Amino acid sequence: MRLSLRKGGRERSFMWSPLFLAALAALAAAFWAAAAPAAEVWRVGTWKTAQTIQPFVYARYAAPPTPQVEVRPFTNPADQKAALLSGSLDMTGTTLALAIQAASRGEPVRLVAALGNKCSALVVAKDGPVRSPAQLKGRRIAYVPGTMHEILLRETLQRQGLDPDRDVTLMRIDFFDMGTALAKGDIDAFLSGEPFPTQAVAQGYGRILAYPYYGDSIGAINSGMLMREDFIRERPQQALRMVAAHKAATEAFMADKKLWLDTAAALFHVDRALLEAAAPNMELAWDMDDVFLRRLAALGARMKALGVIAAEPDYNRLVDRRFVDALRTGRPLAHE
């Protein structure tokens, strides 16, 4: 590049080298990068399952400017909650049973959105003798403590007049190992989330005994999104943006099952046909309406009756509906 200057009636020319121009461009780019606001960072916990997929696509559905979403997958809801309380996460998926447990102990957490419904099934050996839940007496049943599946298992047994602590043997086994244990004959049944029940059927060693949803009490509610009270208090607008992305992702996937299952299969390396077979027993969710609240309270009451918690929490404190209400109605976020 040549630059001409006129001095004393004479014109002088200067040649700028390509190296100098490149350095000048890099300096300008660095200046503008430093001046531009940094992307908002969202740290979110969830599971790597189709029924808890939404956080993995928050960046795709968030309103601009696009946030930097750090998704941290867990296998245990207790670990998710511990990470949230330690400040490592801003929001996390959780089972509703664990949210109630945490609130009953006075831990500073709030439910800000639903995450998923259904997803559970009670599975027995395909050619085994158990043909109804009442026939589970004396059987070995795998479960994971602190999950919705545990509560639904205990509820199912009690509805059949069976004492979960005396009439059956409850065995703590990780979800990923339940199918192998059933196939080998180490257990007689398990209650877990999808796609493991459907996988047991597809692989020929399992049979669905029951879908443990009771419309007269708990219904099909399963999981939700949890935040810390201090995060909500200090960053209410960021919390709203996060819930808005959750809503948008949920609605996009529920409106387009193919998109949902294709995305889940690609992200989690799960067989697409297996997800298709499990899909009728999975439902994504975001809203927390009056029916949700009634079922949540029914869940807490059952947890107390089953001895899982000593006292029920204050549900109006546990559930912060301001965000879903604002998104549903289009009104500004209400002050707490």
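Visitor: Which residues in α5 are buried?

Guide: This is a predicted model, in which local features need pLDDT of at least 70 and side-chain atom pairs count only at pLDDT 80 or more, while totals for chains, interfaces and linings use all residues. Residues are numbered from 1 along each chain as its sequence is written, and side-chain values use heavy atoms, with hydrogens and water left out. Buried means under 20% relative accessible area, exposed over 50%, and partly exposed in between (1.4 Å probe, protein chains only). Helices (H or I, at least four residues) and strands (E, at least two) are DSSP runs numbered from the N terminus. In α5, the buried residues are Met148, His149, Glu150, Ile151, Leu152, Leu153, Arg154, Glu155, Thr156 and Leu157. Because 10 of its 12 residues are buried, α5 is largely enclosed by the rest of the structure.

Visitor: What span does α5 reach, and what follows the helix?

Guide: The expected span of a helix is 1.5 Å times one less than its number of residues. With 12 residues, α5 reaches 16 Å from its first C-alpha to its last, close to the 16 Å expected at 1.5 Å a residue. Gly161 follows α5 and has a positive phi, near 75 degrees.

Visitor: Which side chain meets that of Glu150 in a salt bridge?

Guide: Side chains of opposite charge can pair when their charged atoms come close. The criterion for a salt bridge is a side-chain nitrogen of Lys or Arg within 4 Å of a carboxyl oxygen of Asp or Glu; by this rule the count comes to 25 salt bridges. The side chain of Glu150 meets that of Arg154, at 3.0 Å from N to O. An α-helix has 3.6 residues a turn, so residues three or four places apart point the same way. Glu150 and Arg154 are four residues apart in helix α5, and therefore separated by about one helical turn. Glu150 is buried at 9% relative accessibility, and Arg154 is buried at 10%.

Visitor: With which residue does Glu155 form a salt bridge?

Guide: Glu155 pairs with Arg159, their closest N and O atoms being 2.9 Å apart. Both lie in helix α5, four residues apart, about one turn of the helix. Glu155 is buried, with a relative accessible area of 3%, whereas Arg159 is partly exposed, at 38%. Arg159 also forms a salt bridge with Asp216 (3.0 Å, N to O). That pair links distant parts of the chain, 57 residues apart, since Asp216 lies in the loop between β11 (206–210) and β12. Asp216 is exposed, at 62% relative accessibility.

Visitor: What is the volume of the largest pocket, and why does it lie between domain 1 and domain 2?

Guide: On a 1 Å grid over the protein atoms alone, a pocket is an open set of points with protein on both sides within 12 Å along at least five of seven lines, and lining residues have an atom within 4 Å of a point. Grid points are joined across faces, edges and corners, and a volume is the space filled by probe spheres set on the points. The largest pocket has a volume of about 550 Å³. Its lining has 29 residues, with Trp47, Thr49, Gln51, Glu194 and Phe196 nearest its centre. Domain bounds come from an automatic or database domain assignment. The largest pocket lies between domain 1 (41–116 + 221–329) and domain 2 (120–210) because both give residues to its lining.

Terms used. On a 1 Å grid over the protein atoms alone, a cavity is a set of points where a 1.4 Å probe fits but cannot get out, and a pocket is an open set with protein on both sides within 12 Å along at least five of seven lines; lining residues have an atom within 4 Å of a point.
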